[in-house]
Amino acid sequence: MDFSLTEEQRAFQDAARGFARHELAPHAARWDEDETFPIDVIRRAGEMGFCGLYTPEALGGLGVSRLDAALVFEELAAGCTSTAAYLTIHNMVTWMIASWARPEVAREWVPALAAGEKLGSYCLTEPGAGSDAASLATRAERDGDGDGYVLNGSKMFISGAGSTDVLVVMARTGGTGARGISAFLVPADLPGIQYGKKERKMGWNSQPTRAITFDNVNVPAACLLGEEGQGFTFAMKGLDGGRINIATCAVGTAQAALDAAVRYAGERRQFGQPLAEFQTVQFRLADMLTELIAARQMVHLAAWKLDTGSPDASAYCAMAKRLATDTGFRVANEALQVFGGYGYLKDFPLERHVRDARVHQILEGTNEIMRVIVARHLLKDGALETLR
C-alpha cells in the first residue's frame with residue numbers, strides 16, 4: 001500500500017497551491033467583506049483546468065480522478081474557502097451534464113463550462129425539501145404538443161444563482177417519492193425564471209446564494225438528462241462526489257488555519273517565552289494535526305472508493321464528509337483560540353475560516369443525514385465484512 005503521491009499528482013497539487021497563493025488568498029478577506037463573486041478569477045481557474053477537473057477530456061475537461069481533484073480542491077480552499085467551494089459545485093454541474101445530457105446538448109454546454117467561460121448552479125434543495133430531498137415539489141409537466149416541459153416551483157440556497165449561465169434542476173415528472181424525479185439542464189435566462197434577493201450569510205460570502213422561482217418555464221425536451229425518473233439517482237451520484245468535494249474544502253480550510261496557528265505560536269510571546277513552548281499549546285497543536293491528517297486520509301480513501309466503483313462508495317463518502325467537516329470546523333476553531341483575542345478580529349483570517357467552515361457540516365447533506373446513510377449501510381447483513 002503506497003500513500004505517496006505520483007509526480008502528476010504533485011504537479012496538480014503544486015499548480016493549485018500556486019493559484020491559491022497568488023489569485024485567491026490575497027483577495028479572500030476583501031471578497032468576504034464586500035460579498036464579491038470573483039467571476040474573473042473563476043474564469044482564470046478555468047484556464048488552469050480547475051472548472052472541469054473530472055469532466056472527460058473529449059468534452060474539454062482534464063478527466064482526472066476524484067482523488068486527483070481532491071488534491072486540487074484542498075489547495076484552493078486553503079486560499080479562499082468560499083470561492084473554492086463554488087468551484088466544486090461548478091465541477092459537479094459540469095460533470096453531470098457531461099455524463100447524462102444528450103450528446104448534442106453536452107457538446108453545446110460542457111466545453112464552455114469546463115473552460116470557465118460559462119458557469120453552472122445545482123438546484124435540488126427547496127423550501128420544504130432539504131434533508132428529505134425525495135419530497136421535492138417542483139414539477140416539470142409535458143407541454144401540450146409534447147415537444148418540451150413546463151417547469152413550475154422553487155428552489156433555495158442555490159450557490160451562484162443569478163450569476164450563472166445554466167442550472168441543473170431536479171423536478172418531479174411522475175408520482176411521489178424518488179422515482180418520480182427527473183433532472184434537467186435549464187438555461188439560466190429562460191423566460192419565467194426569477195431570482196430572489198442575495199441571501200446574507202454567516203460565511204461563504206464570495207459566492208451569491210439566492211432562491212429561484214420557476215413560473216411556467218418552457219424547457220425543451222432535449223434538456224432532459226437521461227430518462228424520466230432517473231433524476232434522483234443522478235442527484236445522489238452527484239452528491240457522492242459533492243460530499244468528497246466539501247470534505248476536501250473543510251480539510252483545506254483547516255490546514256490554512258493550522259498553518260496560521262503554528263506560525264503565530266512561534267511568534268507570540270507571553271510570560272517571557274513563545275506560546276509554542278507552553279505544553280498546553282503544544283498538545284492543542286498536536287491534536288489539531290493528528291485529527292486533520294486522519295480526516296484527510298479518510299477523504300482520500302472515499303475518493304479512491306468512488307474512483308474504483310466500490311459498492312460501498314456512498315457509505316465511505318458519507319463517513320468522509322461527516323468526519324472531515326466536523327474536524328475541519330473544530331481545527332479552525334481551535335486555531336482561533338491559539339490566537340486569543342486577535343483571532344476574533346477581521347485583521348486576521350481565523351474568524352473567516354471558522355465562519356466559512358461551519359456550513360460544511362450542513363450542506364451536501366447535514367452530518368446527521370451522513371450518520372443515517374452510514375447506519376443504513378452498516379446494518380445490512382454482512383456489511384461489516386467490507387466496511388472496515
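The second largest pocket holds about 570 Å³ of space, a pocket being an open set of points on a 1 Å grid over the protein atoms alone, with protein on both sides within 12 Å along at least five of seven lines. Volumes here are the space filled by probe spheres set on the points, with grid points joined across faces, edges and corners. The model is predicted, so local features need pLDDT of at least 70 and side-chain atom pairs count only at pLDDT 80 or more, while totals for chains, interfaces and linings use all residues. Residues are numbered from 1 along each chain as its sequence is written, and side-chain values use heavy atoms, with hydrogens and water left out.

Back to that pocket. Its lining takes in 18 residues, with Asp2, Phe3, Leu67, Gln297 and His300 nearest the centre; a lining residue has an atom within 4 Å of a point. Helix 1 (7-24), helix 4 (66-79) and helix 8 (279-307) each give two or more residues to the lining, and helix 8 makes the largest share, with five. Helices (H or I, at least four residues) and strands (E, at least two) are DSSP runs, numbered from the N terminus. Sorted by class, the lining of the second largest pocket has seven nonpolar, five polar and six charged residues. Ala, Val, Leu, Ile, Met, Phe, Trp, Tyr, Cys and Pro count as nonpolar, Asp, Glu, Lys and Arg as charged, and the others, Gly among them, as polar.

Buried means under 20% relative accessible area, exposed over 50%, and partly exposed in between (1.4 Å probe, protein chains only). Just past the end of helix 8, Gly309 takes a positive phi of about 70 degrees.

The largest pocket comes to about 1200 Å³. Its lining counts 38 residues, and those closest to the centre are Thr125, Ile362, Leu363, Glu364 and Gly365. Helix 5, strand 3 (148-159), helix 7 (231-267), helix 10 (350-358) and helix 11 (367-378) each give two or more residues to this lining. The class tally for the largest pocket is 20 nonpolar, 10 polar and eight charged residues.

Helix 5 (residues 81-100) carries Thr94, which is buried at a relative accessible area of 0%. Leaving aside residues up to four places away in sequence, Thr94 touches Cys51, Thr55, Val110, Leu113 and Ala114. Val110, Leu113 and Ala114 are also among the buried residues of helix 6, as are Val105, Ala106, Trp109 and Ala112. Helix 6 (residues 103-114) reaches 16 Å from its first C-alpha to its last over 12 residues, close to the 16 Å expected. Its buried residues pack against helix 3 (39-47), helix 5, strand 1 (120-123), strand 4 (166-172) and strand 5 (181-187). Gly116 follows helix 6 with a positive phi, near 80 degrees.

Strand 4 is covered on both faces: Val166, Val168, Met170 and Arg172 are buried on one side, and Leu167, Val169 and Ala171 on the other. Strand 4 pairs with strand 1 in the parallel sense over four bridges, where Gly120 stands opposite Val166. The pairing of strand 4 with strand 5 is antiparallel and runs over seven bridges, with Ala171 partnered by Ser182.

Finally, there is one cavity of 30 Å³ or more, a cavity being a set of points where a 1.4 Å probe fits but cannot get out. The largest cavity has about 40 Å³ of space. Its lining includes Ala28, Asp32, Cys80, Trp204, Arg352 and Asp356, and helix 2 (28-34) and helix 10 each supply at least two of the lining residues. The lining of the largest cavity splits into three nonpolar, three polar and three charged residues.

Conventions
Contact = heavy atoms within 4.5 Å. Expected span 1.5 Å × (residues − 1). Pairing = 2+ DSSP bridges.
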